[in-house]
Amino acid sequence: PDVLIGLEPEGRDMAVQAGNAIRQQLLHMFPPSKGYTPKIAMRISPFLRTRETALGVLKGMKEVAPWVAFVKESPLLVEQDWGMLAGTGRATRKDKFPDEHEWLSMMKKAIQGPFWARMPCGESFFDVCQRMQLLFSSIRRDHSGTRGYRKQSGFIDAVIVISHGITIRAFVTMWCHHGVEWLFKSSNPPNCSVRLIDTTQNPPDVGYVFGGFEEKNPYQLVEVEELNKGEKWHLCTTVDEWVDSQNKFFDEELENN
């Protein structure tokens with residue numbers, strides 16, 4: 001089953017390199033010369049490959065790995081459930097499940113729209129975003145460090161999240177208050193890429209700080225500059241800006257459909 005698919009040796013090496021990129025970012029954010037040792041939380045999907053990724057990341061973090069106060073698995077961080085269409089692929093989906101494929105296409109185009117339409121016996125993008133919202137309350141409680149076991153680990157300065165493509169996009173969408181349009185215009189992150197969300201910045205979505213790897217043979221490192229092109233999302237600060245952005249979006253949808 002998908003939950004038990006592990007990493008190939010190349011994947012483990014990618015995880016170590018991602019850990020080194022996180023190490024460099026943490027040393028930049030919390031330089032040892034300041035005399036402050038931060039506390040980091042790590043939250044991961046319980047799939048085997050994300051567990052193995054977490055081990056590689058900790059290995060790559062080297063001397064800053066002890067900054068990680070705890071590692072927690074959360075079923076809320078699993079990938080979107082594709083239901084009956086799981087493992088079919090776009091090319092064969094219509095042939096294997098013609099009725100379900102037709103129903104989903106109708107729901108996306110004519111009734112609910114692509115954000116709300118659920119996969120047959122599975123999840124919609126909306127469902128995944130709801131899962132992320134549930135996770136945020138726990139992350140914020142860890143950040144406060146004032147109750148129960150959290151008093152032992154204390155105030156958490158940063159969180160490392162290890163998850164899957166669509167789930168990561170849903171996390172960024174909800175945490176950074178992006179519109180649902182952003183979720184559709186964004187792409188799944190490359191393998192072992194590192195994206196930074198900094199709540200001291202405006203907007204907080206800084207973008208990728210490590211490009212990860214493309215699924216080619218052999219795997220190729222992705223340039224951060226190329227990856228971040230088109231990723232910046234303008235946050236509307238006035239009602240007029242929001243209205244203009246929505247009108248532009250609807251105009252584009254009419255042209256494309």
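Reader: In this predicted model, is C121 buried or exposed, and what is its relative accessible area?

Author: The structure is a predicted model, and its cysteines include C129, which counts as buried at 2% relative accessibility. Exposed residues are those over 50% relative accessible area, and C121 falls in that class. C121 is exposed, with a relative accessible area of 66%.

Reader: How many disulfides does the count come to?

Author: A disulfide requires a pair of cysteine sulfur atoms within 2.5 Å. By this rule the count comes to zero.

Reader: Which kind of aromatic pair do the rings of F136 and W175 form?

Author: Searching the whole structure gives four aromatic pairs. For F136 and W175 the ring centres lie 4.8 Å apart, while the planes stand at 90°. Because planes over 60 degrees apart count as edge-to-face, the pair formed by F136 and W175 is edge-to-face.

Reader: How many residues apart in sequence are the parts that the pair of F136 and W175 ties together?

Author: F136, which counts as buried at 1% relative accessibility, belongs to helix α5 (residues 125-144), whereas W175 belongs to helix α7 (residues 165-175). The pair therefore ties together parts whose separation in sequence is 39 residues.

Reader: Which residues form one aromatic cluster with W175?

Author: The rings of F171 and W175 are stacked, since their centres are 6.0 Å apart and their planes are at 5°. Both residues lie in helix α7, four residues apart, which is about one turn of the helix. The residues that form one aromatic cluster with W175 are F136 and F171.

Reader: Where does the charged end of R140 sit?

Author: Elsewhere, K72 lies over the face of F70, at 4.5 Å from the ring centre. The charged end of R140 is 5.0 Å from the centre of the ring over which it sits, that of W175.

Methods:
Residues numbered from 1 in each chain as written. Predicted model: local features only at pLDDT ≥ 70, side-chain atom pairs only at ≥ 80, totals over all residues. Heavy atoms only, no water. Buried < 20%, exposed > 50% of the residue type's maximum accessible area, 1.4 Å probe, protein only. Phe/Tyr/Trp six-rings, centres within 6.5 Å; stacked < 30°, edge-to-face > 60°. Helix = DSSP H or I, 4+ residues; strand = E, 2+ residues; numbered from the N terminus. Lys NZ or Arg CZ within 6 Å of the ring centre and 35° of its normal.
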